[in-house]
Amino acid sequence: MRHSIKKLVFTLVLLCLLPLSSFAATISYSVQQLSGNRWTYGYELTAQPSDSEIREFTIFFDRNLFSNLQVVATPAQWDSLVVQPDQALASNGFFDALALGAGLVPGDSLGGFAIAFDFLGTGTPGAQSFDIVDPDTFETLSSGRTSSSTPPPHDLPEPAPFMLMALPIAALLARRALSAT
């Protein structure tokens, strides 16, 4: 009995220490202020080895933070468009990019997507929501948040919620196992 509790505690501690990795496409961004409240985002799309070919993605612009979206750059063989945020319709805006031929194959990255916009918030614009979309069925294949390609110094990843819950349980089990010996 004591041996199985120690094995369980050891397993839970290992799970708490190992980062959980999710195999889904990522979109990283760099942001640059042009002047005043006018900024640009540059995006790079990365398909993970476990992904299928990516042929379309959409990045969303919160209607309370962004206005005057404009496509600045799109890589060859991709077609991009923007739909403006609309306060009157309570509708967020978006940037959508569609591969005109073959899409992005698993394990590859593609940069060269850029959007100019007016930022209505304070500070520096940050991460946004995005969807990877099947252009044939319009089904959302995966969703995520963009991540800065230049993270702040000493930026530590956030622990997964499961890990935060498992750590105290592991500590209690360890204490119980040690007090039983």
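User: How do I read contact range here, and what share of contacts between residues at least 6 apart joins residues at least 24 apart?
Analyst: A contact means heavy atoms within 4.5 Å. In this chain, 68% of the contacts between residues at least 6 apart in sequence join residues at least 24 apart. The model is predicted: local features need pLDDT of at least 70, side-chain atom pairs need 80 or more, and totals for chains, interfaces and linings use all residues. Residues are numbered from 1 along each chain as its sequence is written, and side-chain values use heavy atoms, without hydrogens and water.

User: Which elements does the chain contain, and in what pattern?
Analyst: Helices (H or I, at least four residues) and strands (E, at least two) are DSSP runs, numbered from the N terminus. The order is α-β-β-β-β-β-β-β-β-β-β-α, with two helices and ten strands.

User: How do I read an aromatic pair, and how many are there?
Analyst: Rings of Phe, Tyr and Trp (its six-membered ring) pair if their centres lie within 6.5 Å; planes under 30 degrees apart are stacked, over 60 edge-to-face, the rest tilted. The structure has 16 such pairs. W39 and F119 are edge-to-face, at 6.4 Å centre to centre and 80° between planes. W39 sits in strand β2 (residues 38-46) and F119 in strand β7 (residues 109-119), so this pair ties together parts 80 residues apart in sequence.

User: Are W39 and F119 buried or exposed?
Analyst: Buried means under 20% relative accessible area, exposed over 50%, partly exposed in between (1.4 Å probe, protein chains only). Both W39 and F119 are buried.

User: How is the pair of Y43 and F95 arranged?
Analyst: Stacked, at 6.1 Å centre to centre and 15° between the planes. Y43 is in strand β2 and F95 in strand β6 (residues 93-99), 52 residues apart.
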